[in-house]
Amino acid sequence: MKKDISRRDFLKYLGIGTAGTALFEGAAAVPAIASGGEHPSFKVPPSKLKRAKETPTICAYCGCGCGIIVYSENNSITHIEGDPDHPINLGSLCPKGAGISDAHTVVEKIDKRVPNKNRVTDVLYRAPGSSDWEVKDWDWAFSEIAKRVKKTRDASFELKDDKGVTVNRSEAIAHLGSASLDNEENYLLHKMHRALGVVNLDHHARL
Ligand code: SF4
């Protein structure tokens with residue numbers, strides 16, 4: 001009977017098959033494994049990923065938009081790897097993407113990751129003409145962005161162009177999305193900007 005299996009299932013079965021072959025060959029060389037499995041050199045440590053939560057997402061580093069799986073436990077990232085079901089990268093990651101967990105935590109010593117202190121988690125604001133960054137809260141940032149978008153749109157909105165053609169647009173605002181945006185986020189951003197009359201919008205992963 002034909003059974004459909006996903007790419008991830010296939011890799012899983014392949015891994016089990018390979019492990020089975022390796023154990024079989026190991027059993028011939030070390031009879032203690034076959035009789036009781038007590039040979040110290042064959043103690044398999046428990047998988048660190050066993051209880052981890054899997055969250056599929058997109059690499060934020062470049063326009064390729066590779067799929068990654070983030071493994072976490074107690075809200076802390078424990079491991080990251082390429083998503084074998086993702087059509088762009090089929091499970092592979094370049095060295096930069098493979099090290100993306102450093103954006104969140106860094107290795108302090110083997111098996112111990114600590115929060116990356118260099119990660120920016122606050123809103124930083126540099127006022128016009130100033131050389132200093134000020135720390136602001138998110139409520140301030142959202143209302144300030146909304147206020148400035150409205151002011152700019154009101155001042156620049158064109159109902160018709162100079163040939164009398166209806167355009168309903170503002171060319172004074174532009175939007176550039178990052179590669180970490182997925183299709184759904186891009187869809188919503190596109191709708192929001194079109195509703196505002198923004199015509200200069202792009203996305204560097206071009207999803
Ligand atoms: S894994 Fe590498 S190639 Fe893929 S999106 Fe990230 S940085 Fe780009």
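**Entry: strands 8 and 9.** I began with strand 8 and strand 9 (residues 166-177), which run antiparallel and are joined by two bridges. I looked for a partner pair and found Glu-158 bridged to Arg-169 in strand 9. A reminder to myself before going on: this is a predicted model.

Entry: I then widened the view and saw an open sheet of three strands, ordered 8-9-10, with mixed pairing. Which strands stand at its edges? They are strand 8 (158-160) and strand 10 (198-203); each has a single partner strand, so one side of each has no neighbour in the sheet. From one strand to the next, the twist in this sheet averages 35°.

Entry: Next I turned to another open sheet of three strands, with the order 1-2-3 and antiparallel pairing. Here strand 1 (53-58) and strand 3 hold the edges with a single partner strand each, so each has one side left without a neighbour in the sheet. The twist averages 30° from strand to strand.

I went through the pairings of this sheet in turn. Strand 1 and strand 2 run antiparallel, joined by six bridges. Thr-55 has Val-70 of strand 2 as its bridge partner. Strand 2 (residues 67-73) also pairs with strand 3 (residues 76-82), again in the antiparallel sense and over six bridges. On that side I found Ile-68 opposite Gly-82 of strand 3.

How many residues lie between strand 2 and strand 3 in their hairpin? I found two, and Asn-74 in that turn has a positive phi of about 50°.

**Entry: the ligand.** I listed the residues surrounding the ligand: Cys-59, Tyr-61, Cys-62, Cys-64, Gly-65, Cys-66, Asn-89, Leu-93, Cys-94, Lys-96 and Gly-97. Sorting this shell by type gave me seven nonpolar residues, three polar and one charged.

**Entry: helix 4.** I checked the span of helix 4 (residues 138-156), which has 19 residues. From its first C-alpha to its last it reaches 27 Å, close to the 27 Å expected at 1.5 Å a residue. Is this helix mostly buried or in the open? The number of buried residues among its 19 is zero, so helix 4 lies largely in the open.

**Entry: Trp-133.** Trp-133 sits in the loop between strand 6 (123-125) and strand 7 (134-136). I wanted to know why Trp-133 counts as partly exposed. The reason is its 13 C-beta neighbours inside 10 Å, since a residue counts as buried at 20 or more and as exposed at 12 or fewer.

Leaving out residues up to four places away in sequence, Trp-133 touches Leu-124, Tyr-125 and Arg-126. I also took a distance to Val-123, which is 10 residues away along the chain: the two C-alpha atoms are separated by 9.5 Å.

**Entry: the whole chain.** I finished with the overall tallies. The chain has five helices and 10 strands. Of its 207 residues, 7% count as buried. Among contacts between residues at least 6 apart in sequence, 37% join residues at least 24 apart.

Definitions and conventions
Residues are numbered from 1 along each chain as its sequence is written. This is a predicted model: local features need pLDDT of at least 70, side-chain atom pairs count only at pLDDT 80 or more; totals for chains, interfaces and linings use all residues. Helices (H or I, at least four residues) and strands (E, at least two) are DSSP runs, numbered from the N terminus. Two residues are in contact if their C-beta atoms, placed from the backbone, lie within 7 Å. A residue is near a molecule or strand if its C-beta atom, placed from the backbone, lies within 6 Å of it. Ala, Val, Leu, Ile, Met, Phe, Trp, Tyr, Cys and Pro count as nonpolar, Asp, Glu, Lys and Arg as charged, and the others, Gly among them, as polar. Two strands pair if DSSP finds at least two bridges between them. The expected span of a helix is 1.5 Å times one less than its number of residues. Axes are lines fitted to C-alpha atoms, for helices over the stretch in contact, and angles run from 0 to 180 degrees between N-to-C directions.
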